[in-house]
Amino acid sequence: MQQTASPTPIVSLRDVQKSFGSLKVLDGVSFAVERGEVLAIIGRSGSGKSTALRCIDRFEKVDGGEIIVCGRRVDLPDIDLRALRQDVGIVFQSYNLFPHLTIEQNITLAPCSVKRMGLSEAKALARKVLAQVGLEEKVHAYPEQLSGGQQQRAAIARSLAMQPKVMLFDEVTSALDPELTGEVLKVIEQLAADGMTMVMVTHEMGFARSIADRIVFMHRGKVHETGPASILTAPTTPELVQFVGTGNLKS
Amino acid sequence: MGGHLNINHLLFLGHGALWTIGLSLIALVGGAAVGFVIALARISPLKSVRLLSAAYVQIVQGTPLLVILFLGYFGLAAIGLQTSPLVAAGASLTIYVAAYLGEIWRGSIQSVPKPQWEAAEGLALSRTQRMMKVILPQAVRIATPPTVGFMVQIIKNTSLASVVGFVELMRSGQIVNNSLFEPFVVYAIIAAVYFAMCYPLSLFSQKLERRMGRGSVNPALA
């Protein structure tokens, strides 16, 4: 092991290939995420950015290449999915809270069922993560009683309760009104400040620029350009120039 | 023979009605137990299990209940397995109801939005935990109105058990009529009793359907 010289990345993709039928969605995608790093994946619809993110948590099986997450080979068929998903938290565009459970039950379900945590300990944990996203007063509410922004913050809290080593955000503000987007982005910003390792697929260019340590611009299933957030203001490839130039860069 | 409808006839019909309720309950409980297994088998990750359960459903749904009843009673007797009318009727109805409830419940489980499965998977819940704690509680809400509605079908279909000599409401009506020769009066009473058993269930099913929606996933987000 050579961790001391250069720390092993928490997430690394190497030459990942993925097709849906005859459609090649990922065509040799490689990138890595170091501990504590915030990586934003941007690109047009259909560029493969969401698929790349979902491959990290093995919601999609890859056709080729290598994915290593927290030291596990995710591309291999014998991957321990439950162990992987305890290390990786994922938040979706459509929140996906469980509608038959209160916010508290949504949060305590996985710690109690998966980690065998006691109920009182799990409830205390629920209060702690809800405080992190500013929703302590909604502990006994049902998801349908919350606004979209509140539901998404609750979904983030639910993921946090499993104490993941890396969080994946899949266009988490795309279903929200502009005024609700802000409250969710603030929560993510705070997580970044606390040192959480994060990979996010986002259409919020201004947000990506302000929060991401590194940007991956995907185009036609490939990583077309990558670099620090400054590439958004000084893009080098014509495709990224066009992408950020089409009014996407609002800050 | 002959005479007028008296209290003894009515008591006899009442006794038959109780057996109709009893047979309906047997069909419901047996059919629910087997149907639950069928529903799970229909969405099993194993292809062979899916195919087998699908074949079961197709065969039963493509066979008249009357034929299943004859097979269960006369057919088994012909190959040396003597069954009582109660056992034959109970088993045949269970086989029949299981195929339909299995399909209703498979549909209900599958109509829980897929992102719910993914969210549960993302939280590292096992397949059993996902099913028991996330999917089934939501599927039950979806399944309740059609299940209650199907119970009306079960009650009415128990009348077919009369052909294997099981004395439920229909058969007891035939027996009473054989002594009175007043088919209109007797069968009108039978019809009224069936209606009295089925109508409240129909109403209940409609009420449940109207109440649906609250507490379920917002379809706009699913």
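**Figure 1. Strands β3 and β8 of chain A pair in the parallel sense.** In this predicted model, residues 38-43 form β3 of chain A and residues 197-201 form β8 of chain A, and the two strands are joined over 4 bridges. Within this pair, L39(A) is placed opposite V199(A) of β8(A).

**Figure 2. An open sheet of 6 strands in chain A.** The strand order is β6-β7-β8-β3-β9-β10, and the pairing is mixed. From one strand to the next, the twist averages 20°. Strands of a sheet are paired through hydrogen bonds of the backbone, in either a parallel or an antiparallel manner.

**Figure 3. Helix α5 of chain A lies across β6 and β7 of chain A.** The helix comprises residues 148-160, and β7(A) comprises residues 166-170. Helix α5(A) runs at about 170° to β6(A).

**Figure 4. Helices α3 and α4 of chain A cross at roughly 125°.** The two axes come within 9 Å, with α4(A) formed by residues 119-132. The crossing of α3(A) with α4(A) is right-handed. From α3(A), the residues E104(A), I107(A), T108(A), P111(A) and C112(A) meet L119(A), A122(A), K123(A), L125(A), A126(A) and V129(A) of α4(A). Classified by type, this contact has 8 nonpolar, 1 polar and 2 charged residues.

**Figure 5. The contact between chain A and chain B.** Chain A contributes 20 residues and chain B contributes 20 residues. On the side of chain A that touches chain B, the elements giving two or more residues are α2 (81-87) and α3 (103-114) of chain A. The largest share of this side, 4 residues, is supplied by α3(A). By class, this side of chain A has 11 nonpolar, 5 polar and 4 charged residues.

**Figure 6. Annotated regions of chain B, from an unreviewed UniProt entry.** The entry lists residues 17-41, 53-74, 86-105 and 184-204 of chain B under "transmembrane region". In the model, residues 53-74 of chain B are 86% helix and 0% strand, and the end C-alpha atoms of the span lie 26 Å apart. Residues 184-204 of chain B are 100% helix and 0% strand, with end C-alpha atoms 30 Å apart. UniProt (unreviewed entry) also lists residues 17-205 of chain B as "domain: ABC transmembrane type-1". Over residues 17-205, chain B is 83% helix and 0% strand, and the end C-alpha atoms are 22 Å apart.

How values were computed. Residues numbered from 1 in each chain as written. Chains lettered and ligands numbered in written order. Predicted model: local features only at pLDDT ≥ 70, side-chain atom pairs only at ≥ 80, totals over all residues. Contact = placed C-beta atoms within 7 Å. Nonpolar A, V, L, I, M, F, W, Y, C, P; charged D, E, K, R; others polar. UniProt positions renumbered as here; feature names shortened; annotations may be inferred. Pairing = 2+ DSSP bridges. Axes fitted to C-alpha atoms, helices over the stretch in contact; angles between N-to-C directions. Left-handed = near helix turned anticlockwise from the far one by under 90°.
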